[in-house]
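Dear colleague,

Please find below the structure that I am handing over to you, together with its sequence. My findings follow it.

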Amino acid sequence: MRYIDIRSDTVTLPTKKMRQAMFDAEVGDDVYGDDPTVKKLEKLAAKKVGKEAALFVPSGTFGNELALFTHTKRGDEVIVAKNSHIVLHEVGSSAVIAGVQLRTYDSINGIPDPVEIKSLIRSNDIHYPPTGLICLENPSGMGTVTSLDVMKEIHEIARDRKISIHLDGARIFNAACTLNVDAEEIAMYTDSVMFCLSKGLAAPIGSMLAGTEEFIEKARKGRKLMGGGMRQAGIIAAAGIVALEDMIDRLCEDHENATLLAKKLDEFEEIEVMKERTQVNMVFFRFNEKINDDAFVSYMFKKGVKINPPENGEYRFVTNKDVSKEDVNFVIKTIGDFLS
Ligand code: TLP
């Protein structure tokens, strides 16, 4: 049975071209710096976000945590959004790996407030931990995109206080589509950026961490310390190259499908769509009346639609390259059948 999988864009399957590229990849031992395919991917990735260098890492979580570990020293404080992936979904690893304390900002609907961030930067007081880093997430996991003006304002605040900015840009190319700019125009307001190859871009595995040559050299050693030295990694890097070359431009299609999905969901009286948060390939909604969530999830599954259970009462549907417009219509019809 074919399933329509809208749990995430992490579920996308690699394309035929990716599988062929993996088969054909020229490889070597990357810990010795011998893998030409990994090198090619790292060069291409750096270029895409306008940074000097980039490093191939196994996952987005790995890339974010490596960034924190590389930018900070133990006991530093990191300013980060309360509802960010780093705070909510990385198993508390900032405390374990970088040994930092997190100081959170509110980030209403995923949009940071520069004034609030500024107020959280520590002054030089004997009681305070030093502020070691500011983290941003764009797009935010709440489905919104932060404007370039806000990014710029935060960048100026950080530069004045000589604090670096790390961007969790897991889906930076989605943000770029929404803002109608190149990803490098977003990344230019940050010192390091992590982005994922294995979400909407459909590579089977891998993320990139990009920054200055010096930062990436330090991160490469940190990656080894974290057990992330990969050997003939060109096999997977080859799919990452296809992801960056072929899959960026089509991301806007996922946004169009998400907009359609949001519009149709909103037509159900029983459903409230978080419309102001449909800015990328995600749709968030809740039921106005009490429904049996387990029954809903298993009904959808039986009909061939994989969805996640709600988090704090909110459902998230994510469009991706394996979900067509017809699939969106099928999802809507199936929900209609469930409700009646
Ligand atoms: N997000 C996943 C889940 O972990 C929630 C998803 O399905 O959206 N930053 C952001 C903003 C992310 O959304 C994710 C993954 C990551 C980092 C981590 O990437 P991975 O899963 O590769 O560690």
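A pocket, as the word is used here, is an open set of grid points with protein on both sides within 12 Å along at least five of seven lines, and its lining residues have an atom within 4 Å of a point. Please bear in mind throughout that this is a predicted model.

The largest pocket

By that definition, 36 residues line the largest pocket, and Leu88, His89, Gly141, Glu311 and Arg316 are those nearest its centre. The space in this pocket comes to about 950 Å³. Its lining is made up of 15 polar, 11 nonpolar and 10 charged residues. Several elements of secondary structure each supply at least two lining residues: helices H3 (60-71) and H4 (85-88), and strands E7 (192-196), E10 (282-287) and E12 (315-318). H3 gives the most, with three residues. Both domains take part, since at least three residues of the lining come from each of domain 1 (16-246) and domain 2 (250-339).

The two domains

The protein is divided into domain 1 (16-246) and domain 2 (250-339), and a distance of 29 Å separates their C-alpha centres. At the interface, 17 residues of domain 1 are in contact with 15 residues of domain 2. About 1,400 Å² is buried between domain 1 and domain 2, and carbon and sulfur atoms give 58% of that area. On the side of domain 1, the residues that lose the most area to domain 2 are Gly143, Asn174 and Cys177, which together account for 31% of what that side buries.

How many salt bridges cross the interface of domain 1 and domain 2? The rule finds zero there, although the count for the structure comes to 20 salt bridges. One of interest pairs the side chains of arginine 171 and aspartate 9, at 2.8 Å from N to O. This pair links distant parts of the chain, 162 residues apart: arginine 171 is in the loop between strand E6 (164-168) and helix H8 (172-179), whereas aspartate 9 is in the loop between strand E1 (4-5) and helix H1 (16-24).

Cavities

The structure also holds two cavities of 30 Å³ or more. The largest cavity has about 110 Å³ of space and a lining of 16 residues, with Ala81, Ser84, Tyr105, Leu136 and Glu137 nearest its centre. Strand E3 (77-81) and E5 each supply at least two residues of this lining, and E5 gives the most, with three. By class, the lining of the largest cavity has eight nonpolar, six polar and two charged residues.

The second largest cavity contains about 40 Å³ of space. Arg171 and Asn174 are among its lining residues, as are Ala170, Phe173, Cys196, Lys199, Gly200, Leu201 and Leu251. Five of the residues in that lining are nonpolar, two are polar and two are charged.

Backbone geometry

Most peptide bonds are trans, and most residues other than glycine have a negative phi. The bond from asparagine 138 to proline 139, however, is cis, with omega near 0°; proline 139 lies in the loop between strand E5 (131-137) and helix H7 (148-160). Lysine 162, in the loop between H7 and E6, has a positive phi, near 55°.

With kind regards

Notes: Residues are numbered from 1 along each chain as its sequence is written. This is a predicted model: local features need pLDDT of at least 70, side-chain atom pairs count only at pLDDT 80 or more; totals for chains, interfaces and linings use all residues. Side-chain values use heavy atoms; hydrogens and water are left out. On a 1 Å grid over the protein atoms alone, a cavity is a set of points where a 1.4 Å probe fits but cannot get out, and a pocket is an open set with protein on both sides within 12 Å along at least five of seven lines; lining residues have an atom within 4 Å of a point. Grid points are joined across faces, edges and corners, and a volume is the space filled by probe spheres set on the points. Helices (H or I, at least four residues) and strands (E, at least two) are DSSP runs, numbered from the N terminus. Ala, Val, Leu, Ile, Met, Phe, Trp, Tyr, Cys and Pro count as nonpolar, Asp, Glu, Lys and Arg as charged, and the others, Gly among them, as polar. Domain bounds come from an automatic or database domain assignment. Contact means heavy atoms within 4.5 Å. Buried area is the accessible area (1.4 Å probe) that two parts lose on being put together, summed over both. A salt bridge is a side-chain nitrogen of Lys or Arg within 4 Å of a carboxyl oxygen of Asp or Glu.
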